[in-house]
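Subject: the structure for you to look at

Hi,

Here is the structure I promised to pass on.

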Amino acid sequence: MKIAVITSGGDAQGMNSFIEAFVKNCNHEVVYYKSGIKGIYERDIFPISKKDVDGISSLGGSVIKTSRFKEDFLKADVQKRCIENLKEDKIDCLIILGGDGSKKASQIFSKHIKTLFVPASIDNDIDGLESIGFDSALNRIVECIDNVKTTARSHNRDFVIEVMGNGSEFIAKSCDLAGLPDITILSEKDIEGALKKVALKESNIIVVPEGATDIDILCDKLSKNHNREVRKLILGHMQRGGAPSARDRILASKYAKECIEKIEIMLK
Ligand code: F6P
């Protein structure tokens, strides 16, 4: 059997942990397409050996590279060429690591080729399954917010902190559950209540998921209407960077084991 692995969409800590665990434990030929679905389209295919993956588990990002290819993949001719390339490359099974968008792509591939989807995105946007990368990102956010809090409190300032999520509020809600912010704003309708609440404390950490509201306007409202000293902080790609947490490495190994078991069943 010839198995191809790709990482697709935004990178996530722990993608490499999956690749190391999978390649080391798989007894079939493994190849990868560089930069995700774009690599399938461009036929950028490479072999990957147990020796190649030794030690990559602790590295953030994706050693086999990833890219955004959603818009292109919507086109029928692009999909057709991807399927043809996989067939010409004699791929028996395709493994796709990614988030919600990659899952949709995997459903298209699965109509033509055996496909396994592995949730890997800091957004944790796959229902009922934990995504590789989410725990690492959350740990990174915890560290950042804990750090910001000390300076915020010293200066009696409010900090509006934007976290990632791409429409999924999971990161922001988890920050809230972890007790990091004083206030969490998930949508415009939370703003009025938040504005009232800020006055109760000399300093507030306010967490907002990206896209929920315009944080510049929010900062302006806070400082002008309420005479507060406000700072804005966009955590951005910092959240996706760095080494995977122990939990993500374990999760990645579990998903790798599951894929290997499913491949053995396919063979029967
Ligand atoms: O991978 C998910 C994510 O980090 C989202 O939370 C965010 O909206 C997006 O990717 C950022 O994408 P890019 O890295 O392409 O700027």
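The shell around the ligand takes at least three residues from each of the two domains, domain 1 (2–133 + 244–267) and domain 2 (135–239). Those bounds come from an automatic or database domain assignment. Bear in mind that this is a predicted model: local features need pLDDT of at least 70, side-chain atom pairs count only at pLDDT 80 or more, and totals for chains, interfaces and linings use all residues. Residues are numbered from 1 along each chain as its sequence is written.

Around the ligand you'll find Gly 9, Gly 10, Arg 68, Gly 99, Ser 121, Ile 122, Asp 123, Met 164, Gly 165, Asn 166, Glu 210 and Arg 240 (a residue is near a molecule if its C-beta atom, placed from the backbone, lies within 6 Å of it). Sorted by class, that shell has 2 nonpolar, 6 polar and 4 charged residues. Here Ala, Val, Leu, Ile, Met, Phe, Trp, Tyr, Cys and Pro count as nonpolar, Asp, Glu, Lys and Arg as charged, and the others, Gly among them, as polar.

Where they touch, 11 residues of domain 1 are in contact with 11 of domain 2, contact being C-beta atoms, placed from the backbone, within 7 Å. The domain 1 side of this has 2 nonpolar, 5 polar and 4 charged residues.

Now the sheets. One is open, with 5 strands in the order β3-β2-β1-β4-β5 and mixed pairing. Strands (E, at least two residues) and helices (H or I, at least four) are DSSP runs, numbered from the N terminus, and two strands pair if DSSP finds at least two bridges between them. At the edges sit β3 (45–47) and β5 (114–119), each pairing on one side only. On average, neighbouring strands are turned by 25 degrees against each other, direction ignored. Strands β1 (residues 2–7) and β4 (residues 93–98) run parallel and are joined by 5 bridges; Ile 3, for instance, has Cys 93 of β4 as its bridge partner.

Two helices pack on this sheet. α1 touches β1, β2 (29–33), β4 and β5, and its direction makes about 170 degrees with that of β1. α11 touches β1, β4 and β5, at about 165 degrees to the direction of β5. For these angles, axes are lines fitted to C-alpha atoms, for helices over the stretch in contact, and the values run from 0 to 180 degrees between N-to-C directions.

How do α1 and α11 sit against each other, and at what angle? Helix α1 (residues 15–25) and helix α11 (residues 246–267) pack at about 35 degrees, with their axes 8 Å apart. Their contact residues divide into 8 nonpolar, 3 polar and 2 charged.

The other open sheet has 4 strands, ordered β7-β8-β6-β9, with parallel pairing. Its edge strands are β7 (183–184) and β9 (230–234). Inside it, β6 (residues 158–163) and β8 (residues 205–209) pair over 5 bridges, and Val 163 stands opposite Pro 209 in β8.

Cheers
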